[in-house]
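Thanks for coming. I will take one chain today, from its overall build down to a single residue. Please have a look at it first.

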Amino acid sequence: PELQAVVVCEANFKDHYGRIAVLDAESGQRRFDLDCGSAVSSVAFVPELGAAVCGDRAGRVSVWDLSAREQRSGLEMRGSVNAMAYDR
C-alpha cells in the first residue's frame with residue numbers, strides 16, 4: 001500500500017503543551033492537529049483502526065480516532081511514556 005499520511009508528536013516541554021500532527025505523506029502539508037494537553041513524548045499509528053496512540057510526560061496514554069478527530073480512550077501509567085510501538 002502507498003503511504004498517505006505521517007503521524008508525528010510535537011511537544012513544548014517548558015509550557016507542558018503537546019499535540020499529534022497528521023501530515024500528508026507526499027506534500028508534508030499539515031492535515032490536522034489533535035490537542036493532547038500535556039507534552040507528548042511518543043506516538044504510534046494503528047492503520048487498521050484508523051487510530052493514533054500517544055503517550056505524554058504526565059503518564060497518560062490516549063487513543064485517538066483519526067476519522068472523528070476525537071479521543072477514543074485512555075489510561076494512566078506511573079511515569080512518563082517515552083516510547084511506543086504497534087504490533088498486529
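When I say contact, I mean heavy atoms within 4.5 Å. On that basis, among contacts in the chain between residues at least 6 apart in sequence, 27% join residues at least 24 apart.

Some housekeeping. This is a predicted model, where local features need pLDDT of at least 70 and side-chain atom pairs count only at pLDDT 80 or more, while totals for chains, interfaces and linings use all residues. Residues are numbered from 1 along each chain as its sequence is written, and side-chain values use heavy atoms, with hydrogens and water left out.

Now the overall build. The chain has zero helices and seven strands; helices (H or I, at least four residues) and strands (E, at least two) are DSSP runs, numbered from the N terminus. The radius of gyration, taken over C-alpha atoms, is 12 Å, close to the 12 Å that the globule rule gives for 88 residues, so the chain is as compact as a globular protein of that length. That rule is 2.2 Å times the number of residues to the power 0.38. The C-alpha trace spans about 35 × 30 × 20 Å along its principal axes.

Next, the sheet. Four strands make an open sheet, ordered E4-E5-E6-E7, with antiparallel pairing. Strand E4 (40-46) and strand E7 (70-76) are the edge strands, each pairing on one side only. Two strands pair if DSSP finds at least two bridges between them. Strand E5 (residues 51-56) and strand E6 (residues 60-65) are joined by five bridges.

What about the interior? Of the 88 residues, 33% count as buried, meaning under 20% relative accessible area with a 1.4 Å probe, protein chains only; exposed is over 50%, and partly exposed lies in between. A nonpolar core is a set of buried Ala, Val, Leu, Ile, Met, Phe, Trp, Tyr and Cys residues joined through side-chain atoms within 4.5 Å. The largest one has 12 residues, including Val7, Ile20, Ala52, Trp64 and Leu66. Strand E1 (5-12), strand E2 (17-24), strand E3 (30-35) and E5 each give two or more residues to this core. A second, separate core of five residues includes Val46, Ala51, Val53 and Val61.

Finally, which residues does Ala52 touch, leaving aside its neighbours within four places in sequence? They are Val7, Ile20, Ala44, Phe45, Ser62, Val63, Trp64 and Leu66. Ala52 also stands opposite Trp64 in E6, and both residues belong to the largest core.
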